[in-house]
Amino acid sequence: MNCCPSEKQCVLGFDEFGFAVFRRHCDRWKQQHRSHEYSHPSVSTFKIDLWQEMLKSWNETDGSCTNKVHSFLESGVPTALRGQLWKCLLGSERVKESSIHTYQDYVQELRSQLSTLGVNEYGVQMAVSTLDGADKVRAGMAGGTRNLAPAREPEVKIETLRQIVLDVERSFPTHCSLMGRSPEAKEGQAKLFRILSAYAEYNPQIGYCQGMSYIAAMLLMNMQEQDAFWALVVLLEKPKYLAGFYEHSLDTIQRHAKIFQQLLKHRMPCLWQHMENLKVAPLLFITTWFLTLFTSLPCWDTVLAIWDLIILYGINTIFSTGLCILQLLEPRLLAMSDVSHLLPTLLRIPVDVSRYSILVPALWMTKVHKWELDCMQSVVLEEEEEEMMSSGRQETLKNTLTKMLKIARCYLQDLGQLPKDLATSPSQDRSPSARGHAKYHGSKGEARRVNSRRCRTDRTSL
């Protein structure tokens with residue numbers, strides 16, 4: 001690798017996932033927050049054969065494939081097959097085939113745009129000042145002349161390209177595919193730049209938002225470039241995953257933070273009250289956790305296992321993971337009386353909590369149900385409506401926690417009274433720890449109709 005001499009001397013090698021291992025006590029070792037002591041299970045040859053057989057005969061419309069993945073996950077995913085598994089679960093191949101433009105179309109348009117600026121994707125990191133200057137020139141031209149003829153293809157805004165360049169340099173800077181100026185790193189940085197710029201062109205309404213680079217880089221570490229692009233499209237736009245997370249208004253992520261706060265209040269009232277007393281709002285740490293999908297955790301084998309579950313089950317797993325981390329941290333967080341200690345612990349999760357052997361088994365036992373998130377969301381929406389209606393006058397309704405508990409109680413009562421034949425229907429929850437919650441799973445449509453009536457009745461009594 002072509003690094004400066006001091007950095008090259010500091011690097012001892014790379015671990016099994018491609019992250020640099022630094023000499024102890026050097027500057028880079030002190031700065032990084034990454035452990036190279038992994039505790040994930042090794043996958044037997046027999047299991048690898050089973051994974052290969054399943055993926056080879058994958059049928060997206062056949063639920064048995066998803067059921068097999070669920071049963072296989074606890075024993076681990078073979079590293080070499082993870083990208084193929086994610087591709088199958090996301091259904092990104094179908095999205096690619098239905099698009100009127102190919103990934104190469106977007107890349108070609110990007111290259112044409114960069115060519116007019118006198119740069120290319122391999123030298124764009126060195127041309128930030130050029131992009132700034134071009135942006136100012138273009139802004140001046142636009143101010144003096146009205147362009148009535150639309151462009152052949154919408155170009156990515158130069159300011160967007162500049163932000164992508166800056167974030168490419170910050171994304172996993174100790175991973176071999178992105179670190180330094182070696183040929184491998186230059187190619188990796190160029191791929192990441194192309195994918196993010198192509199997505200900004202694919203969806204100009206969103207364009208680019210900070211945090212996307214970590215998602216795209218993770219996909220690139222496990223897939224070919226074109227597959228990673230279409231996987232990114234699915235993750236960012238499908239409601240099951242991250243739809244709305246990267247809106248520039250940040251309304252969706254802020255609402256999710258409020259929902260998580262209600263979940264924390266319901267599940268862990270002591271920790272919630274402690275954080276309230278210290279004025280630590282969930283938005284301060286949830287934004288980082290959710291927008292980067294926990295890629296800041298120091299143990300990479302744990303990060304991969306979390307991603308396996310997120311791609312299989314969707315957004316519920318994101319909430320489950322956040323809750324699980326707080327459950328593991330609760331004793332030490334409750335012992336902290338100063339926000340200057342508590343918040344950094346949440347932003348840099350300790351290694352001992354992040355280890356695969358600790359966090360992943362706990363995550364399999366931590367379940368956040370969809371009805372529970374729906375319940376918390378209804379409370380958040382009611383709060384927002386009440387704030388709008390009560391502006392200028394004193395709040396007269398009962399406190400939110402009481403309402404939330406009553407609504408949750410009606411859900412639990414109704415779901416607990418479902419007949420046995422419904423509780424064992426094929427639509428029952430198959431996500432982690434469902435074995436411990438089987439009595440709550442049944443016909444969701446019927447449950448919602450009953451819940452809706454009872455919750456409305458319950459709300460009117462508040």
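How many salt bridges does the structure hold? The structure holds 16 salt bridges, a salt bridge being a side-chain nitrogen of Lys or Arg within 4 Å of a carboxyl oxygen of Asp or Glu.

## Model and confidence

This is a predicted model, in which local features need pLDDT of at least 70 and side-chain atom pairs count only at pLDDT 80 or more, while totals for chains, interfaces and linings use all residues. Residues are numbered from 1 along each chain as its sequence is written, and side-chain values use heavy atoms, with hydrogens and water left out.

The mean pLDDT (the predictor's confidence in each residue, from 0 to 100) of the protein is 82, and 75% of its residues reach 70 or more. The pLDDT is below 50 over residues 141-152, a stretch with 1 contact in the model beyond near neighbours in sequence; contact means heavy atoms within 4.5 Å. Over residues 392-398 the pLDDT is also below 50, and this stretch has 4 contacts beyond near neighbours in sequence. Where pLDDT is low, the predicted coordinates should not be read in detail.

## Overall fold

The protein has 24 helices and 2 strands. Both are DSSP runs numbered from the N terminus: helices are H or I with at least four residues, strands are E with at least two. Among contacts with a separation of 6 or more, 73% are accounted for by residues 24 or more positions apart.

Of the 462 residues, 50% count as buried. Buried means under 20% relative accessible area, exposed over 50%, and partly exposed in between (1.4 Å probe, protein chains only). The accessible surface of the protein comes to about 22400 Å², of which carbon and sulfur atoms hold 53%; areas come from the Shrake-Rupley method with a 1.4 Å probe, and for residues only the protein chains shown count as cover.

## Nonpolar cores

A nonpolar core is a set of buried Ala, Val, Leu, Ile, Met, Phe, Trp, Tyr and Cys residues joined through side-chain atoms within 4.5 Å. The largest has 120 residues, and Leu-219, Tyr-246, Trp-289, Phe-290, Trp-307, Leu-326 and Leu-346 touch the most other members. Helix 16 (residues 300-313) gives the most to this core, with 11 residues. Apart from it lies another core, of 6 residues, including Cys-10, Val-11, Ala-20 and Met-179.

Not counting residues up to four places away in sequence, Phe-290 touches Phe-245, Ile-253, His-256, Phe-260, Ile-318 and Phe-319.

## Charged residues

Arg-111 and Glu-121 meet through their side chains in a salt bridge (2.8 Å, N to O). The pair links distant parts of the chain, 10 residues apart: Arg-111 lies in helix 7 (residues 103-117), Glu-121 in the loop between helix 7 and helix 8 (128-144). Arg-111 is partly exposed because its relative accessible area is 33%, whereas Glu-121, at 5%, counts as buried. Both belong to a network of salt bridges that also links Glu-187, Arg-194 and Glu-225.

Asp-352 and Arg-332 form another salt bridge, at 2.7 Å from N to O. Asp-352 is in helix 19 (residues 351-354) and Arg-332 in helix 17 (residues 315-334), 20 residues apart. Asp-352 is partly exposed at 39% relative accessibility, as is Arg-332 at 31%. In the salt bridge of Lys-87 with Glu-93, the closest N and O atoms are 3.3 Å apart.

Glu-372 is placed in helix 21 (residues 370-389). Glu-372 counts as buried because its relative accessibility is 3%. Leaving out residues up to four places away in sequence, Glu-372 touches Leu-263, His-266, Arg-267 and Lys-367.
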